[in-house]
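Let's explore a structure together, one question at a time.

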Amino acid sequence: MATHTLDITKEHCPMTFVKTKLKLAQIPEGDVLEVLLTEGEPLNNVPRSATEQGYKVLSIDHVEGNVHKVLIQK
Amino acid sequence: MNKVLATLLLTRNKMDMADKKKLSLIAFSGEFDKLTAVFTLATGAAAVGYEVNIFFTFWGLDAIKQKKGRSFVGGNWLTKLFGFMMGGLSATPTSRFNFFGIGPKIFRSLMKKNNVATLEELVDAANALGVNLYACEMAMHVLGLEQKDFIHEVKDTLGVATFLEISEGGRTMFI
């Protein structure tokens, strides 16, 4: 089980969701994706839409400033 | 008994249809800003798990032409002239502040500067996400366009009846 990283802190809607979705599609089943994202729309909706699509959100942690780290398991 | 089972199955199918998230967009406009709205909604919805269908008609067909610039695409001299004037994705004007074609260039540079996806990037993302692209058969006929004139991601050419069937059970927007 490997961990992959995706930084979408510089992205805006809809690419925040698009990049997360495409990255999740690329990684093998069981692997974890570490997503770095900012507060607001990405933090509110990336974990929610990942759960809705059947992925498991393992944790959401504050990193610094308005940046958060979300761990999603495929 | 069979009647009860059939009713139950029918109810279940209806529930499945209602549960399924689906967004169908009618892309009528051929302007840079309106097509940006089409592809922003399409990619955003596809990324959060929606089935997305885009039905391109009239000016909207410019977005899916294989030739992105201006070229004489069409069946006869008149439609070829139309094809040249309409152009492809990179020749789309803005609905306001077009300034003879300078407007879209300014918008593209502003989008890049602010790290916002450009129209071309959104189209690529839509294709990567498996958004279903369809072309309107009637408008293609009027403009002398054939499916070979479009990008290969265009799944099919459709009429109203098929579009209604495809979009049933979801939300539909006209842009």
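Q: Is Gly44(B) buried or exposed in this predicted model?
A: A residue counts as buried if 20 or more other C-beta atoms lie within 10 Å of its own. Gly44(B) has 24 C-beta neighbours inside 10 Å, so Gly44(B) is buried.

Q: Which helix of chain B holds Gly44(B)?
A: Look for a helix of chain B that covers residues 32-47. Gly44(B) lies in that helix, which is α2 of chain B.

Q: Which residues does Gly44(B) touch, not counting residues up to four places away in sequence?
A: For this one, look across to chain A. Leaving out residues up to four places away in sequence, the contacts of Gly44(B) are Cys13(A), Pro14(A) and Phe17(A).

Q: Which element gives the most to the side of chain A that touches chain B?
A: Between the two chains, 13 residues of chain A are in contact with 12 residues of chain B. On the chain A side, the elements giving two or more residues are α1 (15-26) and α2 (41-52) of chain A. The one that gives the most, with five residues, is α1(A).

Q: How many residues of the side of chain A that touches chain B are charged?
A: That side of chain A includes six nonpolar and three polar residues. The number of charged residues there is four.

Q: What are the edge strands of the open sheet in chain B?
A: The five strands of this sheet pair in parallel, in the order β4-β3-β2-β1-β5 (chain B). An edge strand pairs on one side only. In chain B, the edge strands are β4 (154-158) and β5 (171-174).

Q: Which residue of β5(B) is the bridge partner of Ile26(B)?
A: Strand β1 (residues 22-27) of chain B runs parallel to β5(B), and four bridges join them. Within β5(B), the bridge partner of Ile26(B) is Phe174(B).

Q: What angle does the direction of α2(B) make with that of β1(B)?
A: Helix α2(B) packs on the sheet, where it touches β1 and β2 (51-56) of chain B. The angle between the directions of α2(B) and β1(B) is about 165°.

Q: Over which residues of chain B does pLDDT stay under 50?
A: Chain B has a mean pLDDT of 88, and 89% of its residues reach 70 or more. One stretch stays under 50, and for this stretch the model has zero contacts beyond four places in sequence. In chain B, that stretch is residues 11-15.

Definitions and conventions. Residues numbered from 1 in each chain as written. Chains lettered and ligands numbered in written order. Predicted model: local features only at pLDDT ≥ 70, side-chain atom pairs only at ≥ 80, totals over all residues. Buried ≥ 20, exposed ≤ 12 C-beta atoms within 10 Å, placed from the backbone. Contact = placed C-beta atoms within 7 Å. Pairing = 2+ DSSP bridges. Axes fitted to C-alpha atoms, helices over the stretch in contact; angles between N-to-C directions. Nonpolar A, V, L, I, M, F, W, Y, C, P; charged D, E, K, R; others polar. pLDDT = per-residue confidence, 0-100.
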